[in-house]
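Student: Hi! Could you walk me through this structure, please?

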Amino acid sequence: MTLCARNRESVFGEVVGRNVKLNRTGKIIEREWRDLPKYFSGAKFDFFVVMPNHVHGIVVLVGAQFIASHKEGAINRAPTLGKIVRAF
């Protein structure tokens, strides 16, 4: 997934030489990414990088977990990318 800052403004840090120096907001984003596995056991969180104006992350959704419901049929309890992005 790739998430961009509003108007692609550099709000997560800045490029210094060949490196990205994260500001407070960028560090919060890193911490929150590391915490996502606590809430989504049905997903694997792989490579992740915070850039000054956007974030790249690889999310692997692992297997659907269908639960039978007499009112609604089968309900998928596996996390969706949308649910993960909203939580993030």
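**A walk through the model**

Tutor: The side chain of His 54 makes a polar contact with the side chain of Asn 53, at 2.6 Å. A polar contact is a pair of N or O atoms within 3.5 Å; within protein, one must be able to donate a hydrogen and the other to accept it, and residues adjacent in sequence count only if both atoms are side-chain atoms. This is a predicted model, where local features need pLDDT of at least 70 and side-chain atom pairs count only at pLDDT 80 or more, while totals for chains, interfaces and linings use all residues. Residues are numbered from 1 along each chain as its sequence is written, and side-chain values use heavy atoms, with hydrogens and water left out.

Student: Is His 54 buried or exposed?

Tutor: His 54 counts as buried, because its relative accessibility is 16%. Buried means under 20% relative accessible area, exposed over 50%, and partly exposed in between (1.4 Å probe, protein chains only).

Student: Which residues does His 54 touch, not counting those up to four places away in sequence?

Tutor: They are Thr 2, Leu 3, Cys 4, Ala 5, Phe 12 and Val 49. Contact here means heavy atoms within 4.5 Å.

Student: And where does His 54 sit?

Tutor: His 54 is in strand β5, which covers residues 54-61 and also holds Val 60. Strands (E, at least two residues) and helices (H or I, at least four) are DSSP runs, numbered from the N terminus.

Student: Which strand is β5 joined to by bridges?

Tutor: Strand β4, residues 43-50, is joined to β5 by six bridges, and the two run antiparallel. Two strands pair if DSSP finds at least two bridges between them. A hairpin of three residues links β4 to β5.

Student: What is the bridge partner of Lys 44 in β5?

Tutor: That is Val 60. Setting aside neighbours within four places in sequence, Val 60 is in contact with Gly 42, Ala 43 and Lys 44. Val 60 and Phe 45 are 15 residues apart in sequence, with 6.4 Å between their C-alpha atoms.

Student: Why does Val 60 count as partly exposed?

Tutor: Because its relative accessibility is 40%. Val 60 also belongs to a nonpolar surface patch with Phe 47, Ile 58 and Val 62, and together they have about 340 Å² of accessible area. Accessible areas come from the Shrake-Rupley method with a 1.4 Å probe; for residues, only the protein chains shown count as cover. Patches take residues with over 30% relative accessible area and no salt bridge, joining like charges within 9 Å and nonpolar side chains (Val, Leu, Ile, Met, Phe, Trp, Tyr) within 5 Å.

Student: New topic: how many salt bridges does a search of the whole structure find?

Tutor: Two. A salt bridge is a side-chain nitrogen of Lys or Arg within 4 Å of a carboxyl oxygen of Asp or Glu. Arg 31 and Glu 32 form one, at 3.2 Å from N to O. Asp 35 forms a salt bridge with Lys 38, their closest N and O atoms being 3.4 Å apart.

Student: Is Lys 38 buried or exposed?

Tutor: Exposed, because its relative accessible area is 62%. Arg 31 is partly exposed at 40%, and Glu 32 is partly exposed at 29%.

Student: Last one: what is phi for Asn 7?

Tutor: It is positive, about 55°, although Asn 7 is not a glycine. Asn 7 lies in the loop between β1 (2-4) and β2 (13-16). Arg 8 lies in the loop between β1 and β2, and its phi is also positive, near 55°.
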